[in-house]
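Please open the structure in your viewer and keep the selection tool at hand.

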Amino acid sequence: MPHERTAPLRALGSLQRRTTLRAAAAALCLTALFAGRPARAAVLAEDDLADTSTEMGVIARNFDFLFAGATLRPPFTAADESPAATGILDLRSYASYRSTHVRLVWHQTNLLELRSFAALGTLDFGRGIPPPRMFPLYAESDRGNLTLRTEADWLYAAYAAGMVTITLGRQPVTLGHSQLFHPWDIVASFSLTEVDTEYKPGADAARVDVSLSPKTTLALIASGGSLERAHRVALDAQGSTLVMSLKQGFSKGEFGGLLAFAHGDIVAGYSALVSLRKLDLYTEISATWTGPSSLSSPAVAGRKAAVPRLLAGANLHPASHLTLVPEAYYEGFGAKREQDYLAVAASERVRVGEQVVFGRLYGGAALDWEAHPLLHVISSAFVNALDPSALASALAYYDAAPNTRLTLGAYVPFGAAPTATTTGSGPLVTTKSEYGLFPYFGFAEIRVVL
């Protein structure tokens with residue numbers, strides 16, 4: 001059986017290494033579905049007649065995390081690193097101005113991360129991967145166990161006139177309806193282990209939205225950036241995207257089309273959404289035509305190919321306090337064999353956030369239960385149907401005050417653990433399942449809006 005000459009968690013670390021450290025830990029995509037309400041802000045000025053407002057504020061969050069598991073112990077790591085701990089203090093300062101036609105937005109992230117050992121920095125579960133960016137609007141100091149970082153995460157201006165809205169600058173970009181897996185989100189996507197989904201990492205982009213009719217919208221998006229994150233303005237084809245998205249609504253839903261040049265590929269897609277009282281059904285389909293200049297992927301290995309991504313899902317409300325979301329997903333860029341997962345984890349498509357799973361066929365479900373107006377309990381599970389392996393998670397958050405939220409969460413992997421043979425140059429690792437690579441994880445968060 002083929003092997004990978006690498007430690008599995010370091011290869012998994014490449015899945016998230018280009019992260020902003022904005023959030024951390026891992027309730028997995030649970031919170032990618034349901035977490036986060038709009039932050040309460042200090043409204044400095046507001047004129048209802050003119051429809052203008054100015055807001056400023058700071059959101060302070062403290063995360064504490066604990067990792068444990070077989071893949072954090074020798075021979076997979078150089079020393080006994082289980083359990084491992086990380087603490088992150090995240091201060092997000094923001095300001096915005098809104099009028100009838102103009103909106104100005106600035107969000108700055110300021111983070112301090114302290115790890116129990118330096119190598120834990122490669123284990124970036126629960127963190128958002130920013131898209132390739134053109135402008136180096138950040139500063140960072142990494143001292144091994146300690147990292148300090150500040151970055152402009154959102155910085156954009158929008159102007160609306162008639163049926164046209166133009167947005168320029170570092171802005172969040174979301175495409176598609178899916179909530180667990182995101183085949184259409186080719187500009188910037190949340191990872192499956194995302195904890196902070198209130199603020200999507202901004203892309204350096206120009207966007208034009210045109211309302212062609214009350215039920216027809218056209219979006220044109222040009223996002224520029226480079227795969228290499230450096231302290232200089234950088235732009236290349238593999239770090240850039242050009243997107244045209246058209247949506248047509250009807251009485252019980254909508255359908256849409258997508259055409260894009262993304263990271264050196266041509267992408268075409270189709271989506272549909274149907275609403276039936278307490279049930280929404282949706283699908284997203286895309287095909288990616290790759291070539292020699294495409295991002296690296298073991299699935300195509302530099303060949304010309306048409307690679308599909310297929311998703312079907314539903315949003316159910318069986319009761320007023322319950323929301324259930326099941327999805328089925330096929331990832332054409334995933335590995336066909338378990339032993340190739342580490343090569344996929346180290347590929348460029350995973351590194352920029354375009355691909356969030358390592359295999360081919362998946363099922364997932366998430367359940368949000370409002371146990372009390374101040375208390376939510378959320379659970380989810382992801383299953384790799386071909387391993388088989390699974391990842392289950394649960395969290396509860398409690399709004400202790402109008403500006404304070406307390407969260408506890410954990411996830412548990414199920415699947416065959418990797419094996420390793422020690423050699424003179426390091427361990428030879430054989431992966432036997434995707435989620436068998438993952439550690440156990442628990443976290444706590446305190447969030448205060450100042």
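Select Arg92 first: at 1% relative accessibility, this residue counts as buried, where buried means under 20% relative accessible area, exposed over 50% and partly exposed in between, with a 1.4 Å probe and protein chains only. The model is predicted, so local features need pLDDT of at least 70 and side-chain atom pairs count only at pLDDT 80 or more, while totals for chains, interfaces and linings use all residues. Residues are numbered from 1 along each chain as its sequence is written, and side-chain values use heavy atoms, with hydrogens and water left out.

The side chains of Arg92 and Asp153 form a salt bridge, at 3.0 Å from N to O; the term denotes a side-chain nitrogen of Lys or Arg within 4 Å of a carboxyl oxygen of Asp or Glu. Arg92 belongs to strand S3 (residues 84-98) and Asp153 to strand S6 (residues 146-161), so the pair ties together parts that are 61 residues apart in sequence. Strands (E, at least two residues) are DSSP runs, numbered from the N terminus.

Now widen the selection to Arg92, Arg133, Glu140, Arg149, Glu151, Asp153, Arg170 and Asp204, which a network of salt bridges links. Side chains of opposite charge can pair when their charged atoms come close. In the whole structure, a search finds 19 salt bridges.

Next, select Asp142 and Arg115. Their salt bridge has its closest N and O atoms 3.6 Å apart. Asp142 lies in strand S5 (residues 138-142) and Arg115 in strand S4 (residues 102-115), so that distant parts of the chain, 27 residues apart, are linked. Arg115 counts as buried, at 7% relative accessibility.

Proceed to Arg349 and Glu354. Their side chains meet in a salt bridge of 2.8 Å, N to O, and both residues are buried.

Strand S11 (residues 253-262) pairs with strand S12 (residues 265-276) in the antiparallel sense over 10 bridges; two strands pair if DSSP finds at least two bridges between them. Gly253 has Val274 in S12 as its bridge partner. The hairpin of S11 and S12 has two residues between the strands, and His263 there takes a positive phi near 55 degrees.

S12 is also joined to strand S13 (residues 279-290), by 11 bridges, and these two run antiparallel. Select Ile266 to find its bridge partner in S13, Trp289. Two residues separate S12 and S13 in their hairpin, and Arg277 in the turn has a positive phi of about 50 degrees.

Conventions: Helices (H or I, at least four residues) and strands (E, at least two) are DSSP runs, numbered from the N terminus.
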